[in-house]
Amino acid sequence: MDDTSSMAAELTRPSTELCVFLHSRRGCAKGDQCRFSHLPCSEDGITRPRKARRQRMKERILQCFVGTDFDVMQVALQREAQRHPYARRVIQGYLNNASFIHFDKDDAGEFAVISV
């Protein structure tokens, strides 16, 4: 199974995993339609990985923003957030502060990454 088909399968499966967009400044664009959990959770006691691991994490996360399919991007970011709690904070930092990420609705009315 290739990476694209595994991501497509994940889009149809409900999840109890916390949405990475929920606590960002932008919030979750999907709202009630989001397949990820919007319930509150505590992230106390998150340890910071060593520098080399943080750098690899950031590179993988930035690669998730490449492309225009919002759903595929969200699943990829969720995967990274699952790998380490620190990754979730990095993702939320990018969502809150990155001026290079712009979300909007495309011609079909679906959310898409307009520019990266």
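## Helix contact, aromatic pair and cysteines

In helix 3, Leu77, Gln78, Glu80 and Ala81 meet Pro85, Ala87, Arg88 and Ile91 of helix 4; contact means heavy atoms within 4.5 Å. These contact residues divide into 5 nonpolar, 1 polar and 2 charged. Ala, Val, Leu, Ile, Met, Phe, Trp, Tyr, Cys and Pro count as nonpolar, Asp, Glu, Lys and Arg as charged, and the others, Gly among them, as polar. Helices are DSSP runs (H or I, at least four residues), numbered from the N terminus.

This is a predicted model: local features need pLDDT of at least 70, side-chain atom pairs count only at pLDDT 80 or more, and totals for chains, interfaces and linings use all residues. Residues are numbered from 1 along each chain as its sequence is written, and side-chain values use heavy atoms, without hydrogens and water.

The structure holds 2 aromatic pairs (ring centres of Phe, Tyr or Trp, the last by its six-membered ring, within 6.5 Å; planes under 30 degrees apart are stacked, over 60 edge-to-face, the rest tilted). Phe65 and Tyr94 have ring centres 6.4 Å apart and planes at 90°, so this pair is edge-to-face. Phe65 lies in the loop between helix 2 (51-64) and helix 3, Tyr94 in helix 4, 29 residues apart.

The count of disulfides (cysteine sulfur atoms within 2.5 Å) is 0. Cys34 is in none; the nearest cysteine sulfur, that of Cys28, is 3.7 Å away.

Some residues are buried (under 20% relative accessible area; exposed is over 50%, partly exposed in between; 1.4 Å probe, protein chains only).

| Buried residue | Relative accessible area |
|---|---|
| Phe65 | 0% |
| Cys64 | 10% |
| Cys34 | 11% |
| Tyr94 | 19% |

How values were computed:
Helix = DSSP H or I, 4+ residues; strand = E, 2+ residues; numbered from the N terminus.
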